[in-house]
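Me: Could you walk me through this structure with a few questions and answers?

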Amino acid sequence: MLSKPRGIIPSVSNYSSFLFPSKLPQALHSHLSLWILHILVIMADFQSIAPRDHEAYMRFALSLAEKSDPKPTNFRVGAVLVDEASNQILSTGYTLELPGNTHAEQCCFEKFSASKGVAADDVGTVLPESTVLYTTIEPCNKRSIGNLPCTERILKTRSAAKGGIKTVYLGVKEPETFVGENKGRAKLEEAGIECVHVTGFEKEILDVATAGHPS
Ligand SMILES: [Zn+2]
């Protein structure tokens with residue numbers, strides 16, 4: 001069942017009764033109701049974010065992190081790719097959203113490249129020049145089992161013709177639980193990618209990230 005956003009949508013059946021005649025078969029009626037609810041949820045999530053409202057985008061990323069199943073073996077992270085020039089959300093992702101041991105940033109990239117019909121490795125060729133990335137936790141620089149770290153994925157977008165990701169907004173430095181000190185931010189900055197710490201969400205981000213970990 002789709003979750004209902006906090007107090008924004010009054011009643012879906014009201015909308016569907018208004019928009020669609022009540023003579024419609026019940027199954028179609030409820031299908032349309034769900035469809036309308038889905039669209040309204042997306043609108044409530046996306047359209048309320050003003051351009052460069054970094055706190056609102058970080059909160060949105062945090063809401064994505066909450067969609068990841070709590071597990072003791074990973075952090076729950078959320079990420080959003082935004083074209084800062086047009087304030088358009090290009091893609092979203094969260095930990096383990098896609099099959100495999102997938103990270104939030106990786107899911108953003110893979111979903112976007114798939115939507116553009118290019119290989120995941122070539123995502124940089126289809127990203128607008130003003131693309132920025134919001135991620136609740138600093139991008140990883142090491143991965144335990146043969147997966148490309150997110151820092152490398154971000155850097156690879158820069159080697160493409162169009163410029164790739166220019167800024168990474170992060171909510172908290174990666175805790176040292178799994179792979180020791182994370183040099184992701186330093187590595188991105190050395191390569192000329194601006195990293196901005198969006199402050200004020202540290203406790204919430206870590207609470208969400210570590211849900212399911214032994215206390
Ligand atoms: Zn990662």
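Reply: Happy to! One definition to start with: a residue is buried if 20 or more other C-beta atoms lie within 10 Å of its own, with C-beta atoms placed from the backbone. Please keep in mind that this is a predicted model.

Me: Which residues of helix 3 are buried?
Reply: Helix 3 covers residues 54-65. Applying the cut-off of 20 or more other C-beta atoms within 10 Å, the buried residues there are Tyr57, Met58, Phe60, Ala61, Leu62, Leu64 and Ala65.

Me: What share of the chain is buried?
Reply: The chain has 215 residues, and its elements run α-α-α-β-β-α-β-α-β-α-β-α along the sequence. That pattern holds 7 helices and 5 strands. Buried residues make up 34%.

Me: Which residues of helix 5 meet helix 4?
Reply: The axes of helix 4 (residues 104-116) and helix 5 (residues 150-158) come within 9 Å and cross at roughly 35°. The crossing is left-handed. From helix 4, Glu105, Gln106 and Phe109 take part, and their partners in helix 5 are Cys150, Arg153 and Ile154.

Me: How do the residues of that contact divide into nonpolar, polar and charged?
Reply: The contact in question is that of helix 4 with helix 5, with Phe109 and Ile154 among its residues. The division is 3 nonpolar, 1 polar and 2 charged.

Methods
Residues are numbered from 1 along each chain as its sequence is written. This is a predicted model: local features need pLDDT of at least 70, side-chain atom pairs count only at pLDDT 80 or more; totals for chains, interfaces and linings use all residues. Helices (H or I, at least four residues) and strands (E, at least two) are DSSP runs, numbered from the N terminus. A residue is buried if 20 or more other C-beta atoms lie within 10 Å of its own, exposed if 12 or fewer, and partly exposed in between; C-beta atoms are placed from the backbone. Axes are lines fitted to C-alpha atoms, for helices over the stretch in contact, and angles run from 0 to 180 degrees between N-to-C directions. A crossing is left-handed if the near helix is turned anticlockwise from the far one by less than a right angle, and right-handed if clockwise. Two residues are in contact if their C-beta atoms, placed from the backbone, lie within 7 Å. Ala, Val, Leu, Ile, Met, Phe, Trp, Tyr, Cys and Pro count as nonpolar, Asp, Glu, Lys and Arg as charged, and the others, Gly among them, as polar. The expected span of a helix is 1.5 Å times one less than its number of residues.
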